[in-house]
Amino acid sequence: MKDLFLMRHGEAESGSRPVPDSLRALTPRGRQNCIQQGKKVHPHGPHRLVTSSAIRTIQTAGLVTEVWSEMAGATVPQIEIEERGYLAEPDMWIQLAASTEERYSGLWLIGHNPGMSALVTVLTGEYMGLSTSDLVHIRLNVDHWHAIGVNSGQVVERYPPQQP
């Protein structure tokens, strides 16, 4: 069994400003939601964390790991920034997950919609439209990361962000 945690980035600045999409930063609300999510769930044991290369996902990963670093008993994985994660579809996330070393019992993927929501569906058969800062824990029915695939897991719990 392997544990997979899928998180959609926190709320980002409006796309109406003349800034490339990949450079949009988190809003204050987005930052606060990420901090709250980091307090809800944290890694125990060796986990890997992979994030898209967009600023908002890197900020999300940074805020969550910062919270973990202040918690007793939490393991804080190094943040891996992955260019292929930017607006990635499920097949790319599955490919990235399948490359995870066996020493990791858990994997965190931080990305964008529609890819993150679609990934939940592909892996579990359950549709879940993820909002910003949404976090889903999936238990994979696999012994090795390379075996991850369609309908290979089930949702353990969903951690929706706190609404204002």
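1. Helix 3 (90-98) lies across strand 2, strand 3 and strand 4, and its axis runs at about 150° to that of strand 4; axes here are lines fitted to C-alpha atoms, for helices over the stretch in contact, with angles taken from 0 to 180 degrees between N-to-C directions. Contact means heavy atoms within 4.5 Å, and helices (H or I, at least four residues) and strands (E, at least two) are DSSP runs numbered from the N terminus.

2. This is a predicted model, in which local features need pLDDT of at least 70 and side-chain atom pairs count only at pLDDT 80 or more, while totals for chains, interfaces and linings use all residues. Residues are numbered from 1 along each chain as its sequence is written, and side-chain values use heavy atoms, with hydrogens and water left out.

3. The sheet is open and is formed by 6 strands in the order 3-2-4-1-5-6, with mixed pairing; two strands pair if DSSP finds at least two bridges between them. Strand 3 (79-82) and strand 6 are the edge strands, each pairing on one side only, and the twist from one strand to the next averages 20°.

4. Strand 4 (residues 106-111) pairs in the parallel sense with strand 1 (residues 2-8) over 6 bridges, and leucine 109 is the bridge partner of leucine 6. Strand 2 (residues 47-52) also runs parallel to strand 4, joined to it by 5 bridges, with histidine 47 having glycine 106 as its bridge partner. By contrast, strand 5 and strand 6 run antiparallel and are joined by 6 bridges, and leucine 135 is there partnered by tyrosine 159 of strand 6.

5. Strand 4 is mostly covered, with 6 of its 6 residues buried, where buried means under 20% relative accessible area, exposed over 50%, and partly exposed in between (1.4 Å probe, protein chains only). In a regular strand the side chains alternate between the two faces of the sheet. Here Gly106, Trp108 and Ile110 point one way, Leu107, Leu109 and Gly111 point the other way, and all are buried.

6. The largest nonpolar core has 23 residues, of which Leu4, Leu6, Trp93, Leu109, Leu119 and Ile138 touch the most other members; such a core is a set of buried Ala, Val, Leu, Ile, Met, Phe, Trp, Tyr and Cys residues joined through side-chain atoms within 4.5 Å. At least two residues of this core come from each of strand 1, helix 3, strand 4, helix 4 (115-124) and strand 5 (135-140). A second, separate core of 15 residues includes Leu26, Ala61, Val64 and Trp108.

7. For helix 1 (residues 28-40), the 13 residues should span 18 Å at 1.5 Å a residue, and the end C-alpha atoms are 19 Å apart, which agrees; the expected span is 1.5 Å times one less than the number of residues. Gly30, Asn33, Cys34, Gln37 and Gly38 are buried in this helix, and they cover an arc of only 140° around the axis, so they lie on the same side of helix 1; the arc is that of the directions from the helix axis to the C-beta atoms. Pro28 and Lys39, on the other side, are exposed, while the buried residues are covered by elements including strand 1, helix 2 (55-69), strand 5 and strand 6 (153-159).

8. Serine 133 lies in the loop between helix 4 and strand 5, and counts as buried because its relative accessibility is 0%. Not counting residues up to four places away in sequence, serine 133 touches several residues, among them Gly30, Asn33, Cys34 and Gln37, as well as Tyr159.
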